[in-house]
Structure formats: structure tokens, C-alpha cells
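These are my notebook entries on a structure I looked up. I set out the entries by topic, each with what I read from the model.

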Amino acid sequence: MKKLSFALAASAMFTFASGAVAADVAAGKAAFEKFACASCHGADAKTSVLPTYPILAGQHEDYLRHALRSYQRGGSGAPASANIRKNAVMGAMAAPLSTTDIANIAAWLSSLESPLAIRK
């Protein structure tokens, strides 16, 4: 019984410590619109206003979460060893995003059809 209790407690602590958030695709689309992501990346997330801006539709969800957190760290002045991305525009755009916003936006973007992936 003690082993089971310990295992359950450890599992719960790991879940909360890792910042695990259940993503909501519909909320992700709303957040994408709310935070004006479409102003650069296009309403469909694949027709950016400039060809140098990346296509976000169809990207891997974990990559998108990592990128947004890296822009947040870069915008906050974190040291270079903190796995940061320095970009004045993206740093400012990512700064107000919560962990839930990031998870939802990443889930929505990764669910979109895109020229980036071949679906079978």
C-alpha cells in the first residue's frame, strides 16, 4: 500500500512540475486571433505577410511550444545558456502568453493541414 501511495504521489508531482496542460484546439484558434499572430503569419498560419516568416500550420506541437517559450526567455533577458531565441518582435508577442495559451496555440497550429507534412 505504501508503494502504491508513493507511486501515485510521485506521478502527481511530476505532472504538476512538468507544467502539463491539456490543450484545447478551439481555444488555440481563439488565442491565435486574440494575440494577433495572424498579422504576420496569416489567418490560416500558412500565408505569411513576408516569405521570411515561417509557416506555422502543420508544425510539430512540441516544436511550437519550445519555440514560444524560447522567445519568452529571450525577451525577458535570460542568459544565453537558457536556450533562448532573441527576436524583438517575437519576444514581445510571446511575452503575454500563459503556459495554457502556448499549449492551446501549439495544439491548434499542429492540427492544421499544411504543405509541411504529408498525411497518410
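**Entry 1: Lys-29**

Is Lys-29 buried, partly exposed or exposed? I found Lys-29 to be partly exposed, because its relative accessible area is 40%; buried means under 20% relative accessible area, exposed over 50%, and partly exposed in between, with a 1.4 Å probe and protein chains only. I note that this is a predicted model, in which local features need pLDDT of at least 70 and side-chain atom pairs count only at pLDDT 80 or more, while totals for chains, interfaces and linings use all residues. Residues are numbered from 1 along each chain as its sequence is written, and side-chain values use heavy atoms, with hydrogens and water left out.

I placed Lys-29 in helix H2, residues 25-34; helices (H or I, at least four residues) and strands (E, at least two) are DSSP runs numbered from the N terminus. I then looked up Lys-29 against Asn-104, which is 75 residues apart from Lys-29 along the chain, and their C-alpha atoms are separated by 7.7 Å.

**Entry 2: positive phi**

Ala-36 has a positive phi of about 60° and sits in the loop between H2 and helix H3 (38-41). I recorded Ala-36 as partly exposed, because its relative accessibility is 35%.

Asn-83 has a positive phi of about 55°, and I located Asn-83 in the loop between helix H4 (61-75) and helix H5 (88-94). Asn-83 is also partly exposed, with a relative accessible area of 41%.

**Entry 3: salt bridge**

How many salt bridges does the structure hold? I counted one, taking a salt bridge as a side-chain nitrogen of Lys or Arg within 4 Å of a carboxyl oxygen of Asp or Glu. The side chains that meet in a salt bridge are those of Glu-61 and Arg-65, at 3.4 Å from N to O. Side chains of opposite charge can pair when their charged atoms come close. Glu-61 and Arg-65 are four residues apart in helix H4, so about one helical turn separates them. I noted Glu-61 as partly exposed at 28% and Arg-65 as partly exposed at 26%.

**Entry 4: cysteines**

How many disulfides does the structure hold? I found zero, a disulfide being a pair of cysteine sulfur atoms within 2.5 Å. Cys-37 is in no disulfide, and the nearest cysteine sulfur, that of Cys-40, is 8.9 Å away. Cys-40 is likewise in no disulfide. I recorded Cys-37 as buried, because its relative accessible area is 18%, whereas Cys-40 is partly exposed at 24%.
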